[in-house]
Amino acid sequence: GSFGGFGALASSSSSSSPVQSPQYAVGFETGEVQDTEVAFCLRKLSKRDPVTKLKALQELEKVFKGKTSKELKEVVAGWSYSFNLASLENDKKVRAALYDCMRELIKKAKKPVGANLKRLFPNWWIHTCDSWKSVARNAQASLQLLCSEKPAIMLKMLTKMKPTFLKAVARNIESTPTTLSDMRTTTQAQALERYERVVSCTLLGLHELMVKAAAISRSSLDSNTESVPKGEGKETAR
């Protein structure tokens, strides 16, 4: 299928990881990136300063544009790890810029993105319900691009990703401000801001997933019903 093949990420014990073991990193492994240009940008993306993160994403977008599909295929796993860490950034410009990079990946490496969707989808979908319109709009547009603007593919994706997303919902709902942040480098106010945003957008995302999946399914059912020739849609009463 379009979204099958969830291969395991190549794990590595990276000492440059920005966090040790916060709750939000559970289930995400470090992806090895051999491409030096991409690796350089991803290291910058792991820095604490949001201005540095934003510059890293802007540079990464340009790097992705200059890469071939084969080259990008090799960096998607590493990107998925960095994406999940950066997705929790409080700076809305950083969250929005993630999808400028995602868009370039989808254009040239759609299948590898689909193969890593199990890791990418939860925070990606949560961002479609972000309180900042630019973040939500960019996240929604990139998902549509991944699905080729086709409702049937979107429904297939939502159905396949539902169990994964429900696990993320449970994890986020059980979190606290201190488990969602690395408190060695985060203030109480920053941790609370992140917690409130992540939990509220997670709940909105759960609602939106159910509503959208039902709407697409219903629309598909209506289309099939309309295509049935008159008189053949039900048994004739005797």
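This is a predicted model: local features need pLDDT of at least 70, side-chain atom pairs count only at pLDDT 80 or more; totals for chains, interfaces and linings use all residues.
Trainee: How much of the protein do buried residues make up?

Mentor: They make up 43% of the 238 residues.

Trainee: What share of the contacts is between residues 24 or more positions apart?

Mentor: Take the contacts with a separation of 6 or more. Residues 24 or more positions apart account for 72% of those.

Trainee: Let's go inside. Which residues touch the most other members of the largest nonpolar core?

Mentor: W79, F121, W124 and M157. That core holds 46 residues.

Trainee: Which helices each supply at least two residues of this core?

Mentor: α1, α2, α4, α5, α6, α7, α8 and α9. The most comes from α5, which gives ten residues.

Trainee: Back to W79. What does W79 touch?

Mentor: Leave out residues up to four places away in sequence. Then W79 touches L42, L45, L57, L60, L98, C101, M102, L105 and L120.

Trainee: What happens at the start of α1?

Mentor: Look at D35 there. One of its side-chain oxygens reaches to within 3.0 Å of the backbone nitrogen of E37.

Trainee: New topic: α6. Why is α6 described as largely enclosed by the rest of the structure?

Mentor: Because ten of the eleven residues of α6 are buried. They are L117, R119, L120, F121, P122, N123, W124, W125, I126 and H127. You met F121 and W124 in the core, where they are among the residues that touch the most other members.

Trainee: And past α6? Is S131 buried or exposed?

Mentor: S131 is exposed, at 58% relative accessibility. It is found in the loop between α6 and α7. The C-alpha atoms of S131 and R197 are separated by 7.9 Å. Along the chain these two are 66 residues apart.

Trainee: Now helix pairs. How are two packed helices described?

Mentor: By the angle between their axes and the distance between the axes.

Trainee: OK, at roughly what angle do the axes of α5 and α7 cross?

Mentor: Roughly 5°, and the axes come within 8 Å. Angles under 35 degrees count as roughly parallel. So α5 and α7 are roughly parallel to each other.

Trainee: Which residues make the contact?

Mentor: From α5, they include K92, R95, Y99, R103 and K110. From α7, they include S134, N138, S142 and L146.

Trainee: How do the residues of that contact divide?

Mentor: Into nine nonpolar, three polar and six charged.

Trainee: On to α8. What does N172 touch?

Mentor: N172 is found in helix α8 and counts as buried at 8% relative accessibility. It touches I126, V198, V199 and T202, not counting residues up to four places away in sequence. I126 is one of the buried residues of α6.

Trainee: Last one: S181. Where is its place?

Mentor: In the loop between α8 and α9. S181 counts as buried, at 5% relative accessibility.

Trainee: Which side chain does a polar contact join to that of S181?

Mentor: That of R194, at 2.6 Å. Also look at E89, 92 residues from S181 along the chain. Their C-alpha atoms are separated by 9.9 Å.

Notes: Residues are numbered from 1 along each chain as its sequence is written. Side-chain values use heavy atoms; hydrogens and water are left out. A polar contact is a pair of N or O atoms within 3.5 Å; within protein, one must be able to donate a hydrogen and the other to accept it, and residues adjacent in sequence count only if both atoms are side-chain atoms. Helices (H or I, at least four residues) and strands (E, at least two) are DSSP runs, numbered from the N terminus. Axes are lines fitted to C-alpha atoms, for helices over the stretch in contact, and angles run from 0 to 180 degrees between N-to-C directions. Angles under 35 degrees count as roughly parallel, over 145 as roughly antiparallel, 65 to 115 as roughly perpendicular and the rest as oblique. Contact means heavy atoms within 4.5 Å. Ala, Val, Leu, Ile, Met, Phe, Trp, Tyr, Cys and Pro count as nonpolar, Asp, Glu, Lys and Arg as charged, and the others, Gly among them, as polar. A nonpolar core is a set of buried Ala, Val, Leu, Ile, Met, Phe, Trp, Tyr and Cys residues joined through side-chain atoms within 4.5 Å. Buried means under 20% relative accessible area, exposed over 50%, partly exposed in between (1.4 Å probe, protein chains only).
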